[in-house]
Amino acid sequence: MPTTQSRGSTNPFFEVDEDGIGWLTFDDPNRKLNILDEPIMRRLADALDSATSRAADGSMTALIVRSGKDRGFVAGADVTAIEAVEDPAEGEQASRLGQEIFGKLEALSVPTIAAIHGLCLGGGTELALSCDYRLASDSPTTAIGLPEVMLGILPAWGGTTRLPRLVGLQAALDLLLSGGRYRARKAKRIGLVDEIFPQELFNEKVKAFAADRADGKPPQGRPARKLLTRLLDGTPPGRAVVLRMARKQVMKRTGGHYPAPLKILDVVKRGGQAPQAVSLGLEAAAAGELIVSSVSKNLIHIFNLNEAAKKGLGPLDGAATSVRRLGVLGAGVMGGGIAQLAAYKGIVVRMKDIRHEAVSGGLRHARDLFEKAVQRRRLRRREADQHMELISGGLDYESLSGCDLIVEAVVERMDVKRIVLRETEDAVRADCIIASNTSSLSIDEMSEGLKRPENLAGMHFFNPVHKMPLVEVIRGSRSSDRAVATIYALALELGKVPVVTTDRPGFLVNRVLGPYLNEAGHLMADGASIEDVDRAALEFGMPMGPLRLVDEVGIDVSSHAGESLHKALGDRLDPSAPLVALADTGRLGKKGGAGFYRYENGKEAGVDQSVYAALKSAVPSERRTLDQKEIRGRLLLAMINEAARALDEGVVARAADVDLAMIMGTGFPPFRGGLMRFADTIHLRTLLSRLQEMEDVHGQRFTPAPLVERLAAEDRGFYDAFGD
Ligand SMILES: NC(=O)c1ccc[n+]([C@@H]2O[C@H](COP(=O)([O-])OP(=O)(O)OC[C@H]3O[C@@H](n4cnc5c(N)ncnc54)[C@H](O)[C@@H]3O)[C@@H](O)[C@H]2O)c1
């Protein structure tokens, strides 16, 4: 077996060892992860030609495809190249070329084996699918997936065609349509992987497997599928049912806004029963169409923003300290969630509260979340128990003394937070960073009276912590680089997307959401129905309508947030009468079982028609039908205009930060590419004149932001003016 690494030599590197086993090793000397860009694909084609000759002359009896990296197999195709394609014919051609190259691998006359250790995604998975066998290491880093759908395209180097043929229709659709990643065990369960071997012995085991196949020994059979699965996957009526159900689910999940999953269904449907070559042709044609779509370009834009966020803060990163011990003040909804997440990532956590019941509540919350992960097979019970053991709690400050960072998540009151922070400062090491999870209070005000205000910055998680990907990192005027960089790095370690903001009211997301939610109230005051308002947002692609969102957040919480934004930012945020009236009714929204909607057992059960009467004079007695376009325009322009002000004030540095934060923090529809990118497609001059028209009708809340006026005059867009 070749023990010498191919690092620095040709990538991929092909050699045949003394036992006649061929090794095709991917090890890109210039990248941390292997990807398949054009030059590498060309060299792969050459290597496969050599392998074909060696197989033909009998000097190679099996071929192993592997990676020389310790962290990953092959992470996919080159996204930059995909993004650059503007012509469908070019996209189709690129797909055909990849298919031809992988076809050489499939056509080899000797057994071919993909040895997968670490991340195997997209083109990497398609490469593996072109082999006869796939072996996976048992490392927790091993994960196999086809994320193309998340970039608005489909696996078009044979993946859409080969996967259903290998694992059956239903299992294939699950992977293709979700864009998810499977750990080795799950991949084996569906038949995507043949064997799992221990990481320590991986190369030896893989070689032994290859030698056995070369000797003609039959492998262990693949798991037998259940009768029902076979009936559904293998008969025309069964397939029709599966495809119909899958389509229905796609439509429900995407509202039809995303063409890629529908195309995948189409290719699988038409190609599934056709000869492989026909299916590959359909795949390539679909790739050509999808790759040039605006949805794909927008999704790739967001992918790039995410990747950039993961890269860190550049020169500032050096200042970050690693957090191994975390303290959490306040074991409530947020504190419990933060503790669970940190423990899940292997960090030792100490929670502190002022009440025993709260501590046990926080621990219970964390345990419930681990329990769910076990039920969903994300974790084994033993692993969950080990993670849970990392969390402890109590009422004393002393046990925080060894912490590297403290997240403060006590009640949202400045007086309480100030006292708590001062007490904490006395209990912790001098270099301990303190991160406040406040959603609305000023970090600067909070730091007054602290001995080491430079150690304080904001770390604003969103609720529920384990689900919401955004963390706003709030830099107060006295926060040190070390505080900001440490919190940013911790957020990344927790798997979140951090966006740095300055210490302005509402930071970014809540500030931009404020006028949007408020406008929903104004629309009701103008007679619009709850259904009409929420439908306009849903049809635009928001995950839920604004009124449903008010219920979700809690009417008390959003009313409080609305008031503080109003106080801080002025009359354009004067709360709309229906929202004020609703808060006065004492309804709490989802958590109380009633708001704009009714909730039964925590599930939404339709609009509560009695709410109109409860809002009394704040809404007209009769509903009237407002044009959906008008509703949508008012909701969106309210957000865009506020985001423009925030950008102008330097709350975030770039238009892309607004977009990333709104997508990750509110579910702003990714296929639109982000709020500012969407606004740029309207063009600033049109945006300005629409705002002016609305100002004429509705008053100052639509007064164009000075930035919109300036950019319209210069005929520039947000991205142009606030790019990198
Ligand atoms: N709930 C949300 O949706 C959400 C979202 C983002 C941020 N936040 C912020 O997170 C913070 C906590 O919110 P929550 O929803 O978890 O509140 P919560 O009421 O569920 O929990 C607050 C906890 O703090 C404890 N506490 C009060 N005084 C304390 C003290 N002196 N020392 C230690 N513990 C103390 C309380 O006993 C309680 O257990 C607030 O600043 C809030 O604005 C909340």
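This is a predicted model: local features need pLDDT of at least 70, side-chain atom pairs count only at pLDDT 80 or more; totals for chains, interfaces and linings use all residues.
**Overall picture**

- Taken along the principal axes, the box that the C-alpha atoms fill is roughly 85 × 60 × 55 Å.
- Buried residues make up 55% of the 724 in the protein.
- Among contacts with a separation of 6 or more, 74% come from residues 24 or more positions apart.
- The protein has an accessible surface of about 30700 Å², and carbon and sulfur atoms account for 52% of that surface.

**The ligand site**

- Which residues come nearest to the ligand? Out of the 22 residues around the ligand, they are Met-334, Asp-353, Glu-412, Lys-417 and Ser-439.
- Sorted by class, the shell around the ligand consists of 10 nonpolar, seven polar and five charged residues.
- At least two shell residues come from each of these elements: helix H14 (333-344), helix H17 (414-427) and strand E15 (456-461).
- Glu-412, one of the residues that come nearest, has a side-chain N or O atom 2.5 Å from an oxygen atom of the ligand.
- For Arg-355, the distance from a polar side-chain atom to an oxygen atom of the ligand is 3.1 Å.
- Asn-463 has an N or O atom in its side chain that is 3.2 Å from an oxygen atom of the ligand.
- On its own, the ligand has 830 Å² of accessible area, and the protein covers 80% of this area.

**Cis peptide bonds**

- Pro-464 sits in the loop between E15 and strand E16 (470-475), and E15 is among the elements that supply residues to the ligand shell.
- The bond from Asn-11 to Pro-12 is also cis, with omega near 0°.
- Pro-12 belongs to the segment before strand E1 (13-16).

- Arg-377 has a phi near 65°, which is a positive value in a residue other than glycine.
- Arg-377 is located in the loop between helix H15 (356-375) and helix H16 (381-388).
- Is Arg-377 buried or exposed? Its relative accessibility is 58%, so Arg-377 counts as exposed.
- Phe-507 has a positive phi too, near 50°, and is likewise a residue other than glycine.
- The loop that holds Phe-507 runs between strand E17 (497-502) and helix H20 (509-525).
- Phe-507 is buried because its relative accessible area is 1%, under the 20% cut-off.

**Gly-145**

- Strand E7 (residues 143-145) contains Gly-145.
- With a relative accessibility of 0%, Gly-145 counts as buried.
- Beyond its neighbours within four places in sequence, Gly-145 makes contact with Cys-120, Leu-121, Gly-122, Thr-125, Leu-175, Gly-180 and Arg-181.
- From Gly-145 to Ala-537 there are 392 residues in sequence, and the C-alpha to C-alpha distance is 32 Å.

**Ser-447**

- Ser-447 lies in helix H18 (residues 443-447).
- Its relative accessibility is 3%, so Ser-447 counts as buried.
- At 2.8 Å, the side chain of Ser-447 reaches the backbone oxygen of Asp-444.
- Setting aside neighbours within four places in sequence, Ser-447 contacts Pro-453, Leu-456 and Arg-478.

**Ala-655**

- Helix H27 (residues 655-666) includes Ala-655.
- Ala-655 has a relative accessible area of 0% and is therefore buried.
- What does Ala-655 touch, not counting residues up to four places away in sequence? The contacts are Leu-647, Met-676, Phe-718, Tyr-719 and Phe-722.
- Ala-655 and Ala-644 are separated by 11 residues in sequence and by 8.8 Å in space, C-alpha to C-alpha.

Notes: Residues are numbered from 1 along each chain as its sequence is written. Side-chain values use heavy atoms; hydrogens and water are left out. A residue is near a molecule or strand if one of its heavy atoms lies within 4 Å of it. A polar contact is a pair of N or O atoms within 3.5 Å; within protein, one must be able to donate a hydrogen and the other to accept it, and residues adjacent in sequence count only if both atoms are side-chain atoms. Accessible areas come from the Shrake-Rupley method with a 1.4 Å probe; for residues, only the protein chains shown count as cover. Helices (H or I, at least four residues) and strands (E, at least two) are DSSP runs, numbered from the N terminus. Ala, Val, Leu, Ile, Met, Phe, Trp, Tyr, Cys and Pro count as nonpolar, Asp, Glu, Lys and Arg as charged, and the others, Gly among them, as polar. Buried means under 20% relative accessible area, exposed over 50%, partly exposed in between (1.4 Å probe, protein chains only). Contact means heavy atoms within 4.5 Å.
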